[in-house]
Amino acid sequence: MANNSLVYSNARVKAMENSFLTNEKIVRMAYADSLEEGIKILLESSYGGGILIEGNDYETLLQAEDRRISEFMLDAMPKGVGMESFLIKNDYHNLKAIVKGKYMRLESVDFMLMPKGMLDIQEMREKTLADDYSAFSEIMRKSLETIDSARANGNTSPRFIDSTLDKACYKEIVATFKKCDSSIKKYWQTNIDLSNISTYVRCKKIDAPEIFKECFIDGGALDASFFQTDVAEKLAYTSYSRFSEALRADDMIAFEREWDNALLDIFKEKRNDIFSVAPIAGFYTAKKIEIKIVRMICILLKNDVDKDIIKARLRELYA
């Protein structure tokens with residue numbers, strides 16, 4: 001990859017960083033008196049590229065912003081450093097929605113879809129509904145065949161579909177590690193480890209070790225044997241020590257907040273290095289987290305939740 005293409009991509013990112021919501025705007029949203037007032041802050045910030053919405057339809061606004069940054073990523077990302085791994089996640093999310101619609105005979109799954117990843121959504125839908133997986137990657141094809149085989153034996157639970165495709169997704173991402181920049185590799189290994197920790201905690205609460213075994217994702221720094229004893233205590237002696245206290249306190253809100261912060265920290269140090277992938281990877285990661293925070297605030301405002309509860313769920317921002 002030529003340095004000038006990376007420099008050009010990062011120059012475009014610097015211009016796009018003006019679209020970040022500031023901490024001041026996020027706090028104003030969190031303490032807004034109503035959902036309408038919160039949405040007004042987004043509209044004043046040209047969220048979603050200035051799209052018009054009806055009433056308090058914040059979801060259309062957030063989907064437009066998500067689509068905008070995904071399209072930017074497709075257009076601007078440098079090739080050959082593993083940036084496509086971020087969009088592979090979109091492909092598998094959309095595939096999960098399509099497969100559930102297929103087997104549960106849902107009239108439409110459009111409301112569950114994320115923006116386009118590396119694959120065209122309509123083509124992916126048509127191929128999947130026709131049981132024609134020949135155009136998909138080998139990993140994706142085998143995962144769909146596994147689900148089809150399970151269906152033939154009467155297992156079409158949403159959890160099985162999710163776990164099968166989640167494992168395939170991360171297997172596909174791990175396969176890009178050979179060409180990944182080290183920061184992108186660290187990002188995905190961190191995501192895998194924290195996903196497994198989160199799953200372990202939830203399964204332990206309901207005494208379901210078999211579900212954890214079914215959902216465990218390979219590719220992280222922590223292998224399955226790590227989860228055989230007290231995870232909270234053992235984490236204190238790993239690179240994930242920042243999560244130990246939240247797990248000891250059984251505070252999954254703090255755990256999830258710190259999860260997002262940890263992902264941002266991976267790229268923050270080199271966010272101004274125009275010869276690094278960190279600016280564009282950090283921008284995309286930060287925007288996805290920002291959209292998640294805004295959606296959470298809108299949902300809590302809609303349900304008139306106490307402001308202190310909203311504040312507890314806020315994250316650090318990249319802006």
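These notebook entries record what I looked up in the structure.

**Entry 1: ground rules**

I worked with a predicted model, in which local features need pLDDT of at least 70, side-chain atom pairs count only at pLDDT 80 or more, and totals for chains, interfaces and linings use all residues. Residues are numbered from 1 along each chain as its sequence is written, and side-chain values use heavy atoms, with hydrogens and water left out.

**Entry 2: aromatic rings**

I noted that a pair of aromatic rings is described by the distance of the centres and the angle of the planes. Rings of Phe, Tyr and Trp (its six-membered ring) pair if their centres lie within 6.5 Å; planes under 30 degrees apart are stacked, over 60 edge-to-face, and the rest tilted. My search of the whole structure gave 18 aromatic pairs. One of them joins F86 and W188, a tilted pair with 5.6 Å between centres and 45° between planes. F86 belongs to helix α5 (residues 85-103) and W188 to helix α9 (residues 182-205), so this pair ties together parts 102 residues apart in sequence. Helices here are DSSP runs (H or I, at least four residues), numbered from the N terminus.

Buried means under 20% relative accessible area, exposed over 50%, and partly exposed in between (1.4 Å probe, protein chains only). Y240 is buried at 8%, and F243 is buried at 1%.

Which residues form one aromatic cluster with F86? I listed Y170, Y187, W188, F267 and Y284 alongside F86.

**Entry 3: the nonpolar core**

A nonpolar core is a set of buried Ala, Val, Leu, Ile, Met, Phe, Trp, Tyr and Cys residues joined through side-chain atoms within 4.5 Å. The largest one has 100 residues, and M83, F86 and I297 have the most contacts inside it. Helix α14 (residues 278-302) gives the most to this core, with 15 residues. Leaving aside neighbours within four places in sequence, I found I297 in contact (heavy atoms within 4.5 Å) with I26, M29, A30, I310 and L314.

**Entry 4: salt bridges**

I noted that side chains of opposite charge can pair when their charged atoms come close. A salt bridge is a side-chain nitrogen of Lys or Arg within 4 Å of a carboxyl oxygen of Asp or Glu. The whole structure holds 24 salt bridges. In one of them E44 meets R28, with the closest N and O atoms 3.9 Å apart. E44 lies in helix α3 (residues 35-44) and R28 in helix α2 (residues 23-30), so the pair ties together parts 16 residues apart in sequence. R28 is partly exposed at 36%.

I next examined D162 and K100, which form a salt bridge at 2.8 Å, N to O. This pair links distant parts of the chain, with D162 in helix α8 (residues 158-174) and K100 in helix α5, 62 residues apart. D162 is partly exposed at 22%, whereas K100 is buried at 16%.

K127 forms a salt bridge with D132, the closest N and O atoms being 3.4 Å apart. K127 is partly exposed at 24%, and D132 is partly exposed at 27%. Lastly, I recorded one network, in which salt bridges with shared partners join E65, R68, K287 and E290.

Methods:
Helices (H or I, at least four residues) and strands (E, at least two) are DSSP runs, numbered from the N terminus.
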